[in-house]
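Let's take a friendly walk through a protein structure, one feature at a time. Have the sequence and the 3D view ready.

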Amino acid sequence: MKVAVYWGCMILTSQYAYEASVRETLPRLGVELQDIEGVSCCGAPVKSIQGEAALYLAARNLALAEKAGVEDLLVPCNGCHLTFTEAMEDMRNSDAVRSKIFKWLEEEGLKLSNYPTIWHIVDLLHDKIGMRRIAEVATQPLAGMRFVTHPGCHIIRPSNIPRVDDSENPRKLDELVEALGGTSMEYAGKLDCCGAGLIFAHPETSAAMAGLKLKSIQDIGVDGLVVSCPSCQQVYDAKQAVCASTIRSELNVPVLYYTQLLGLAMGLEEKKLGLHLNQSNIEKIVERLGRQFG
Amino acid sequence: MSLTDLMTEAKADISKRTKILTKVGDHRPYDCFNCMRCTSGCPSMKMLENKPHQVVALTNLGLVDELISSEMIWTCALCLKCKERCPQRAAPVDLILALRTSAVERQMKVPEAYMKALSMVLDIGLIQSFQEIVSRDMEPVTRDTLGLPTPAKPSEKFKSVIVKTLTGET
């Protein structure tokens with residue numbers, strides 16, 4: 001299958017490991033990726049500034065995806081995925097909103113005549129590629145390893161619009177970990193926010209929120225935390241040291257993207273999966289797989 | 001005679017409530033029956049004393065000015081639990097977003113990082129420029145050194161249209 005990919009600001013400007021691991025793994029599962037030209041911010045941070053400007057940003061990216069000529073749109077970031085889904089609902093539900101947005105689109109020389117089918121990494125792999133295919137490519141299974149997953153808020157809520165997984169009992173990411181031969185543990189704070197949404201207004205509280213969740217995960221005793229959103233990864237991985245000092249505690253939780261874990265189970269080289277960019281202790285995972293980091 | 005907040009002497013203004021209700025979003029504060037389920041599950045309640053049910057109640061009373069000048073609307077982490085669990089679909093989070101946009105409109109104090117992100121979007125289309133990050137071995141890494149393609153900038157017209165959308169000009 002062929003998909004157009006909308007990466008979003010976080011991945012394009014700093015969370016390079018997600019992009020590298022998606023580019024490395026998905027084509028091996030028969031997914032051809034096509035980049036979209038001229039994209040901008042999805043509109044998520046602008047929702048706090050001007051609602052219609054945020055909608056316009058979402059609509060222009062959807063229009064650019066349409067221009068790329070691919071019906072399926074892969075959006076690996078949870079925040080962008082929600083922003084696009086909400087924008088499509090808003091435009092479907094209100095003629096007034098839609099005509100206003102469409103007029104602005106016209107001024108930029110863009111047109112949105114069909115809404116794409118939107119995928120996230122989690123549902124694309126779980127529902128479309130399928131667990132059997134994923135288990136097949138996992139030539140180096142994660143036998144005996146225990147993980148927890150953090151689905152993130154924006155791909156599971158709100159359930160009154162189409163989302164990737166169940167809002168109160170999301171299991172897809174867990175099942176994807178288990179397809180690779182690992183065990184995925186249930187834990188109390190699974191549905192809780194990582195705190196990234198507070199990073200603009202209250203950065204310290206954001207780190208405290210992430211730190212407390214990481215601490216509770218560490219206390220269960222797991223080999224790693226698996227995420228599927230660049231914002232969650234940023235606070236849990238890149239900012240883990242800050243989280244630890246904010247909550248005055250020691251944290252040592254390996255954090256990685258599902259696509260990185262998938263790549264490891266496929267036997268791919270660590271650097272190609274961007275694992276050298278993770279700041280948390282992922283050596284622990286690599287070594288448990290009987291490999292040398294490098 | 002209208003309602004007056006005895007702490008601040010702020011007056012209720014129902015017309016301002018109407019203005020908030022017509023803003024983009026899925027909010028229905030008028031359906032709230034104050035069960036406080038939103039506040040009891042709010043992660044920012046524990047950390048920053050955010051009280052979504054109060055935001056809803058104050059809006060319904062018409063005390064909108066108080067809300068948009070308060071810090072409270074900026075303590076929400078946008079986790080959407082309140083919207084998900086509300087039995088009345090009041091969607092406090094969407095209301096909070098509408099209030100934030102009103103605060104921007106009225107030139108209230110807005111956390112600087114939001115405006116900084118917006119000016120980056122106006123400038124290059126993205127919320128920040130392509131960062132040089134460091135690897136685990138402290139090596140500097142860019143999109144180039146990783147062999148990732150360089151994305152094309154938005155069109156020339158992008159900036160003029162986005163400025164129009166910000167001012168609501170059609």
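How are α3(A) and α5(A) oriented to each other? Keep in mind that this is a predicted model. In chain A, helix α3 covers residues 51–67 and helix α5 covers residues 95–107; their axes come within 10 Å and cross at roughly 60 degrees. Angles from 65 to 115 degrees would count as roughly perpendicular and angles under 35 degrees as roughly parallel, and α3(A) and α5(A) are therefore oblique to each other. Their crossing is right-handed.

Which residues make this contact? From α3(A) come A:E52, A:L55, A:Y56, A:A59, A:R60 and A:A63, and they meet A:V97, A:K100, A:I101, A:W104 and A:L105 of α5(A). Sorted by type, the residues of this contact are eight nonpolar, three charged and no polar. As you look at the helices, remember that an α-helix has 3.6 residues a turn, so residues three or four places apart point the same way.

## A largely enclosed helix

Now find helix α10 of chain A, residues 230–238. Seven of its nine residues are buried, so the helix is largely enclosed by the rest of the structure. The buried ones are A:P230, A:C232, A:Q233, A:Q234, A:V235, A:Y236 and A:D237.

## Salt bridges

How many salt bridges does a search of the whole structure find? Over all chains, the total is 33. Let's visit a few.

Begin with A:E32 and A:K2, whose side chains meet with an N to O distance of 4.0 Å. A:E32 belongs to strand β2 (residues 32–35) and A:K2 to strand β1 (residues 2–5), both in chain A, so this pair ties together parts that are 30 residues apart in sequence. A:E32 is partly exposed, at 47% relative accessible area, and A:K2 is also partly exposed, at 37%.

Next comes a salt bridge between B:R143 and A:E19, with their closest N and O atoms 2.8 Å apart. B:R143 sits in helix α9 of chain B and A:E19 in helix α2 of chain A, so the pair joins two chains.

Finally, A:R171 and A:D174 form a salt bridge at 3.9 Å, N to O. A:R171 is partly exposed at 24% relative accessibility, whereas A:D174 is buried at 1%. Through shared partners, salt bridges link A:R171, A:D174, A:E178, A:E186 and A:K190 into one network.

Conventions: Residues numbered from 1 in each chain as written. Chains lettered and ligands numbered in written order. Predicted model: local features only at pLDDT ≥ 70, side-chain atom pairs only at ≥ 80, totals over all residues. Heavy atoms only, no water. Buried < 20%, exposed > 50% of the residue type's maximum accessible area, 1.4 Å probe, protein only. Helix = DSSP H or I, 4+ residues; strand = E, 2+ residues; numbered from the N terminus. Axes fitted to C-alpha atoms, helices over the stretch in contact; angles between N-to-C directions. Parallel < 35°, antiparallel > 145°, perpendicular 65-115°, else oblique. Left-handed = near helix turned anticlockwise from the far one by under 90°. Contact = heavy atoms within 4.5 Å. Nonpolar A, V, L, I, M, F, W, Y, C, P; charged D, E, K, R; others polar.
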